[in-house]
Amino acid sequence: MSRRCELTGKGPMTGNNVSHANNKTRRRYLPNLNDVTLQSETLGRGVKLRISAAALRSVDHRGGLDAFLAKAKDTELSSTALKVKKEIAKAQAATA
């Protein structure tokens, strides 16, 4: 399981631990990932995703999963999120 946000593409970063004696050792900064079930209003069901806490706030800010995916770039989304985005677009086109 990769440590990458399925909505924003945020992943591990690297840096240094710096001691009091100014010794430097390499370390990894991992994203704050959470397993969540987000509700899609268009599909009428929940979608399980592994996203960062920052992405969860962004989803709330944009007005839900459907609105977030509509504005999201396809290159940043995981394959699961891309499938959900296409399902939502298809369902919206059928109702319109």
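1. Ser52 touches Cys5, Thr8, Lys10, Asn32 and Leu33, leaving out residues up to four places away in sequence. The residue lies in strand E4, and at 3% relative accessibility Ser52 counts as buried. This is a predicted model, and the remarks below should be read with that in mind.

2. The largest nonpolar core has 18 residues, and those that touch the most other members are Leu7, Leu38, Leu49, Ile51, Leu65 and Leu69. Two or more residues of this core come from each of E3, E4, helix H1 (53–62), H2 and H3. Apart from neighbours within four places in sequence, Leu7 is in contact with Leu38, Leu49, Ile51, Val59, Phe68, Leu69, Glu76, Leu77 and Ala81.

3. Helix H3 covers residues 79–95, which is 17 residues. From first C-alpha to last, H3 reaches 25 Å, close to the 24 Å expected at 1.5 Å a residue. Its buried residues are Ala81, Val84, Lys85 and Ile88. Seen down the axis of H3, these buried residues fall within an arc of 105 degrees, so they line one face of the helix. On the other side of H3, the exposed residues are Ser79, Lys83, Lys86, Lys90, Ala93 and Ala94.

4. What covers the buried residues of H3? The cover includes strand E3 (33–40), strand E4 (45–52) and helix H2 (65–71).

5. The structure holds 3 salt bridges. In one of them, Asp74 pairs with Lys85, and the closest N and O atoms are 2.8 Å apart. This pair links distant parts of the chain, with Asp74 in the loop between H2 and H3 and Lys85 in helix H3, 11 residues apart. Lys85 has a relative accessible area of 18% and is therefore buried, the cut-off being under 20%. Asp74, at 44% relative accessibility, counts as partly exposed.

6. Another salt bridge joins Arg45 to Glu87, with 2.6 Å between the closest N and O atoms. Here too the pair links distant parts of the chain: Arg45 is in strand E4 and Glu87 in helix H3, 42 residues apart. Arg45 counts as partly exposed at 35% relative accessibility. Glu87 is also partly exposed, its relative accessible area being 34%.

7. The remaining pair to list is Asp35 with Arg50, whose closest N and O atoms are 3.7 Å apart. Asp35 sits in strand E3 and Arg50 in strand E4, 15 residues apart, and the pair links distant parts of the chain. Is Asp35 buried or exposed? At 62% relative accessibility, Asp35 counts as exposed. Arg50, at 21%, counts as partly exposed, because buried requires a value under 20%.

8. Strands E1 (residues 13–18) and E2 (residues 24–29) run antiparallel and are joined by 6 bridges. Met13 has Tyr29 of E2 as its bridge partner. The two strands form a hairpin, with 5 residues between them.

9. Asn22 deserves a separate check. Its place is in the loop between E1 and E2, and its phi is near 65 degrees, a positive value in a residue other than glycine. Most residues other than glycine have a negative phi. Asn22 counts as partly exposed at 47% relative accessibility.

10. Gly15 is placed in strand E1. At 12% relative accessibility, Gly15 counts as buried. Which residues does Gly15 touch, not counting those up to four places away in sequence? They are Thr25, Arg26, Arg27 and Tyr29. Tyr29 is also the bridge partner of Met13.

11. Gly15 and Ile88 are 73 residues apart in sequence, and their C-alpha atoms are 39 Å apart in space. Gly15 belongs to strand E1, while Ile88 is one of the buried residues of H3.

Technical notes
Residues are numbered from 1 along each chain as its sequence is written. This is a predicted model: local features need pLDDT of at least 70, side-chain atom pairs count only at pLDDT 80 or more; totals for chains, interfaces and linings use all residues. Side-chain values use heavy atoms; hydrogens and water are left out. Helices (H or I, at least four residues) and strands (E, at least two) are DSSP runs, numbered from the N terminus. The expected span of a helix is 1.5 Å times one less than its number of residues. Buried means under 20% relative accessible area, exposed over 50%, partly exposed in between (1.4 Å probe, protein chains only). The arc is that of the directions from the helix axis to the C-beta atoms. Contact means heavy atoms within 4.5 Å. Two strands pair if DSSP finds at least two bridges between them. A salt bridge is a side-chain nitrogen of Lys or Arg within 4 Å of a carboxyl oxygen of Asp or Glu. A nonpolar core is a set of buried Ala, Val, Leu, Ile, Met, Phe, Trp, Tyr and Cys residues joined through side-chain atoms within 4.5 Å.
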